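Work through the following exercises with the coordinates open, and try each task before reading its solution.

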Amino acid sequence: MPEVFVNYRTGDEESAATMIARELARRFGDQRIFFASNSIEPGQRFPVELIRAVEECEVLLAVIGPRWAEVRGADGRPALEAEQDWTRREIRTVLDRGDLVMPVLVGKATRIDRAALPEDLQELVDCQYRRFDHRNAESDLTTLGDALARLLPDLGAVDREARTVRERAETKARERRTRDAGHTRMRTRDVEQRVRGGIGNLNGDLGTFVNEPQGPVNTGRGHQYNAPHFEGDNTGVQFTAGDNSGTVHQRFERERRRSDDRR
């Protein structure tokens, strides 16, 4: 059963009525909001579904724009004057039943002109209204939804449940961000400690660099940093920096001299 019936006049403010219905359906669920163009399935009898929905709703929102009382019917007269006008019939049904009718004045519609209303809709002037302006759509839609959540217990329950779900999701998201930030800090500290301890990596391409003079090995492509290094093709040559007297660099020098002597 739809709890909210969105009533509007074709040719007046269909776009505002569409925005209102869409936002309320998003907030409270499609099945709780009746909007003719969305709620009546293909093949269903239009008059039957309209009558059923308007008789079952708890609140009717009468979306009223600047041309609401001026739109004319097929006979050239204002549509509102015809007793069988659907907009008029829907409002009259809920007023007669004594349920809530909430006018929603759109844009330049600043008031409801009593003189323009037929006798069976005169009570509409006395109904407390809400405003909707396209320039303040988000704020006005929130205000309208909040009012309905206060007026209708079922909608209020749906709203509270949805808020609880959102808050839990936001809490989990914050906790996940905190964990991720903690892991990042731990990885950063680990890298810093390894660099201070004498080993690190430059961009993954330049090889491993050794930060202390005792560090003996270049394990990747590129130069050995923080120590003397060989230019050119040093494939297969291990160079040990620091105080490594009598090790690889001296043997390399002896082999170079023997090669020169043979020449």
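**Exercise 1: charges over rings**

In this predicted model, Arg89 is placed over the face of Trp86, at 4.0 Å from the ring centre. Find the ring whose face Arg9 lies over, and then describe the surroundings of Arg9.

*Solution.* Start with the ring: Arg9 lies over the face of Trp68, and the distance from the ring centre is 5.8 Å, which is within the 6 Å cut-off for such an arrangement. Next, locate the residue in the chain, where Arg9 belongs to the loop between strand 1 (4–7) and helix 1 (14–28). Its relative accessibility is 4%, so Arg9 counts as buried. Finally, look at the partners: the side chain of Arg9 makes a polar contact of 2.7 Å with the side chain of Asp85, and, leaving aside residues up to four places away in sequence, Arg9 also touches others, among them Glu14, Val71 and Thr87.

**Exercise 2: aromatic pairs**

Classify the two aromatic pairs that the structure holds.

*Solution.* Take Phe5 and Phe34 to begin with, whose ring centres are 4.9 Å apart with 15° between the planes, a stacked pair. Because Phe5 lies in strand 1 and Phe34 in strand 2 (residues 33–34), this pair ties together parts that are 29 residues apart in sequence. Phe5 is buried at 1% relative accessibility, and Phe34 is buried at 3%. Turn now to Tyr8 and Phe35: their centres are 5.2 Å apart and their planes stand at 35°, so this pair is tilted. Tyr8 lies in the loop between strand 1 and helix 1, and Phe35 in the loop between strand 2 and helix 2 (36–39), so the pair ties together parts 27 residues apart in sequence. Both Tyr8 and Phe35 are buried.

Methods: Residues are numbered from 1 along each chain as its sequence is written. This is a predicted model: local features need pLDDT of at least 70, side-chain atom pairs count only at pLDDT 80 or more; totals for chains, interfaces and linings use all residues. Side-chain values use heavy atoms; hydrogens and water are left out. Helices (H or I, at least four residues) and strands (E, at least two) are DSSP runs, numbered from the N terminus. Buried means under 20% relative accessible area, exposed over 50%, partly exposed in between (1.4 Å probe, protein chains only). A polar contact is a pair of N or O atoms within 3.5 Å; within protein, one must be able to donate a hydrogen and the other to accept it, and residues adjacent in sequence count only if both atoms are side-chain atoms. Contact means heavy atoms within 4.5 Å. Rings of Phe, Tyr and Trp (its six-membered ring) pair if their centres lie within 6.5 Å; planes under 30 degrees apart count as stacked, over 60 as edge-to-face and the rest as tilted. A charge sits over a ring if NZ of Lys or CZ of Arg is within 6 Å of the ring centre and within 35 degrees of the ring normal.
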